[in-house]
Structures are given as C-alpha cells and as structure tokens.
Amino acid sequence: MERYSVASSNIASIGYDAPSQVLEVEFLNGTIYQYYGVPENMYGQLMQAGSKGRFLNSYIKNAYGYSRVG
C-alpha cells in the first residue's frame, strides 16, 4: 500500500486502500498499524485534519479493528 508523508508530531505517513477499506498508519517510531473497515470519507477527514494524531485517537483508534503489521 502506498503511504503519503504527513505533517504530524507522531505520524510519519498514512495510506488507504479503498476497495478493502484498510487504513495504514506509520508512526515516527517505525511501527505500522492497519485499521479495518474504515470508510473512505473517514480517511479523507483524517487527511484534512489539523492534528492527525488527535483525529486518529478520537475517531479511529477505538472505533475500528486493527493490527500491528510492522
């Protein structure tokens, strides 16, 4: 999955696969998580958010299943 670098104090890059609704987040410490069943509009909101880390914590982390992949 292709990820795009973002301006964030704790997130390095974010990617999204629309057909499978998988959101992939790479943190600055090198860990990578995939979140499952994330709607495309939620990905869009995340990418537009002023604070991507705050948005991830508030709307994605506890709302969707996830696994660490790296």
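# Contacts, core and sheet

User: What makes a residue count as touching L56, and which residues touch L56?

Analyst: Setting aside residues up to four places away in sequence, L56 touches I11, L23, V25, F27, Y35, L46 and K61. The test is contact, meaning heavy atoms within 4.5 Å. A word on the source: this is a predicted model, where local features need pLDDT of at least 70, side-chain atom pairs count only at pLDDT 80 or more, and totals for chains, interfaces and linings use all residues. Residues are numbered from 1 along each chain as its sequence is written, and side-chain values use heavy atoms, with hydrogens and water left out.

User: What makes the set with L23, Y35, L56 and I60 a nonpolar core?

Analyst: A nonpolar core is a set of buried Ala, Val, Leu, Ile, Met, Phe, Trp, Tyr and Cys residues joined through side-chain atoms within 4.5 Å. Buried means under 20% relative accessible area, exposed over 50%, and partly exposed in between (1.4 Å probe, protein chains only). The largest such core has 17 residues, of which L23, Y35, L56 and I60 touch the most other members. Strand 2, strand 3, helix 1 and helix 2 are the elements that give two or more residues to this core.

User: How do you know which strands pair in the sheet, and in what order?

Analyst: Helices (H or I, at least four residues) and strands (E, at least two) are DSSP runs, numbered from the N terminus. Two strands pair if DSSP finds at least two bridges between them. Here five strands form an open sheet in the order 1-2-3-4-5, with antiparallel pairing. Strand 1 (3–5) and strand 5 (65–68) are the edge strands, each pairing on one side only. Six bridges join strand 2 (residues 11–17) to strand 3 (residues 22–27), five link strand 3 to strand 4 (residues 32–36), and four link strand 4 to strand 5. Each of these counts meets the cut-off, so the strands are called paired.

User: Why are the buried residues of helix 1 said to lie on the same side?

Analyst: The buried residues of helix 1 are M42, Y43 and L46. They cover an arc of only 100° around the axis, which puts them on the same side of helix 1; the arc is that of the directions from the helix axis to the C-beta atoms. On the other side, E40 and Q48 are exposed. The cover over the buried residues includes strand 1, strand 2, strand 3 and helix 2 (52–60).

User: What makes the links of E26 to S13 and of Q34 to E24 polar contacts?

Analyst: A polar contact is a pair of N or O atoms within 3.5 Å; within protein, one must be able to donate a hydrogen and the other to accept it, and residues adjacent in sequence count only if both atoms are side-chain atoms. The side chains of E26 and S13 make one at 2.7 Å. A polar contact of 2.6 Å joins the side chains of Q34 and E24.
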